[in-house]
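Hi everyone, thanks for coming. Let me put the structure up, and then we can walk through a pocket and some aromatic rings.

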Amino acid sequence: MEPTLRSALQKCGLSQSEIKVFLATLEVGEGSANTISKVAGQNRITVYEILKRLKAEGFIGERAKPNSSTKIFFPEEPEAIKRLIETKISQMMGASQDIDSISRWYKSFLRFGPGSTKVKFFDGKDNIGKA
C-alpha cells in the first residue's frame, strides 16, 4: 500500500522529504518532532520545518501536549486531505478560467516581445552626443 500512498502524495505536490516525514507521522500516529525525526531518519530541526509546511498544507495537525510546551503532530484524516485536494483542483480550474478570460489581452503583450522596440539609455553629459 505504501507505494500507492507515496504516489498519491507525490501527485499532491509533496517532495520526497515531505513524503518521508508524513509517512513517519502516519507510522507513529502522533508524536513530537523528535519522535517523528527518529522514525523518518532525519534531523529533528529539518523534520520540524517539514512538519510546519505539512501543517500549513493541511496534511498534518498539531496540538499542545498537556502540561508541556511540546507540540504533538498527527496526520489529518484521509477525508480532510481529500477535501484539501478538491479545493486545490477547484482553485486551479478557476485560475485556468482566469487565463482564458485574459488570453487576448495577454497575447497583445507577447506581440511586443524582444526585438520589436529598442530603447537605449545614455547617462551623463559625455553621452548626450551619442544619442
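Helix 5 gives the most to the lining of the largest pocket, with 4 residues; helices here are DSSP runs of H or I with at least four residues, strands are E runs of at least two, and both are numbered from the N terminus. Before I go on: this is a predicted model, where local features need pLDDT of at least 70 and side-chain atom pairs pLDDT 80 or more, while totals for chains, interfaces and linings use all residues. Residues are numbered from 1 along each chain as its sequence is written, and side-chain values use heavy atoms, without hydrogens and water.

Back to the lining: helix 1 (2-11), helix 2 (16-28) and helix 5 (78-101) each bring at least two residues to the largest pocket.

Now the aromatic rings, of which the structure holds 2 pairs. Rings of Phe, Tyr and Trp (its six-membered ring) pair if their centres lie within 6.5 Å, and planes under 30 degrees apart are stacked, over 60 edge-to-face, the rest tilted. F22 and F59 have ring centres 6.1 Å apart and planes at 80°, so they sit edge-to-face. They link distant parts of the chain, 37 residues apart: F22 is in helix 2, and F59 is in the loop between helix 4 (44-57) and strand 1 (60-64).

The other pair, Y48 and F73, is also edge-to-face, at 6.0 Å centre to centre and 75° between the planes. Y48 belongs to helix 4 and F73 to strand 2 (residues 71-75), so this pair ties together parts 25 residues apart in sequence.
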